[in-house]
Amino acid sequence: MATIRTRKFLTNRLLSRRQMVVDVIHPGKANLSKAELKDKLATMYKTTSDVIMPFGFKTDFGGGRSTGFALIYDIVDALQKIEPKYRLQRFLPKKDKTSGRRQRKELKNKKKKEKGKKKAEMGSCKRNGK
C-alpha cells in the first residue's frame with residue numbers, strides 16, 4: 001500500500017491549473033507507475049485522470065519514498081495548449097515504427113543512385129512514412 005501526500009499546493013489561475021509537490025511513500029515496493037499516480041490523484045482531487053500531469057519523480061536513497069511534481073489542469077484544452085509536447089507524448093499510446101533503422105538507411109542509399117521519376121517512385125526513407 002502506497003501513501004500519497006501533497007505539499008506546496010498552489011492554484012495558478014493564469015494557467016488554469018493546480019500545482020503541487022507529491023510525496024509517495026512506498027515501503028518495500030518499487031515506484032508507483034505514473035498511471036497509478038494519476039488515478040490516485042484524480043480520486044484525491046475529485047477530477048478525471050486525463051487532466052493530471054505527474055513528472056520529475058526521484059526516489060530517495062534507500063528506496064521507499066519518492067518525490068515529484070504534479071499539475072492538475074481545469075480542462076483538457078488548457079493541458080494541450082500549455083504543456084510541452086514531450087510531456088504530452090509520454091501519456092499517448094506508443095506508435096509502431098513503420099520500418100527498421102537499417103531498412104531506412106538502405107533505401108536512402110539506393111535513392112542516391114537513382115535519378116528523376118524512378119527516385120520518386122522508390123518511396124520515402126523517413127520515419128513513420130512521412
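This report describes the salt bridges, a strand hairpin and a charged surface patch in a predicted model.

Side chains of opposite charge can pair when their charged atoms come close, and in this model the count comes to five salt bridges. The table gives three of these pairs.

| Pair | N to O distance |
|---|---|
| Arg 13 and Asp 74 | 3.2 Å |
| Arg 17 and Glu 83 | 4.0 Å |
| Arg 87 and Glu 83 | 2.8 Å |

The salt bridge between Arg 13 and Asp 74 links distant parts of the chain, with Arg 13 in the loop between strand E1 (3-12) and strand E2 (17-25) and Asp 74 in the loop between E4 and helix H2 (76-82), 61 residues apart. Arg 13 counts as exposed because its relative accessibility is 59%, whereas Asp 74, at 36%, counts as partly exposed.

The salt bridge between Arg 17 and Glu 83 also connects distant parts of the chain, since Arg 17 belongs to strand E2 and Glu 83 to the loop between H2 and helix H3 (85-90), 66 residues apart. Arg 17 is buried at 13% relative accessibility, as is Glu 83 at 3%, and Arg 87 is buried with a relative accessible area of 12%. Through shared partners, salt bridges join Arg 17, Glu 83 and Arg 87 into one network.

Strand E3 (residues 52-59) and strand E4 (residues 65-73) pair in the antiparallel sense over six bridges, and Met 53 stands opposite Leu 71 in E4. The two strands form a hairpin with five residues between them, where Gly 62 in the turn has a positive phi of about 95 degrees.

Finally, Arg 101, Arg 102, Lys 105, Lys 108 and Lys 112 form a positive surface patch; Lys 108 lies in helix H4 (residues 101-113) and counts as partly exposed at 37% relative accessibility.

Definitions and conventions. Residues numbered from 1 in each chain as written. Predicted model: local features only at pLDDT ≥ 70, side-chain atom pairs only at ≥ 80, totals over all residues. Heavy atoms only, no water. Patch = residues over 30% accessible without salt bridge, like charges linked within 9 Å, V, L, I, M, F, W, Y side chains within 5 Å. Areas by Shrake-Rupley, 256 points an atom, 1.4 Å probe, with all protein chains shown as cover. Salt bridge = Lys/Arg side-chain N within 4 Å of Asp/Glu carboxyl O. Lys, Arg positive; Asp, Glu negative; His and termini not counted. Charge placed at Lys NZ, Arg CZ, Asp CG, Glu CD. Helix = DSSP H or I, 4+ residues; strand = E, 2+ residues; numbered from the N terminus. Buried < 20%, exposed > 50% of the residue type's maximum accessible area, 1.4 Å probe, protein only. Pairing = 2+ DSSP bridges.
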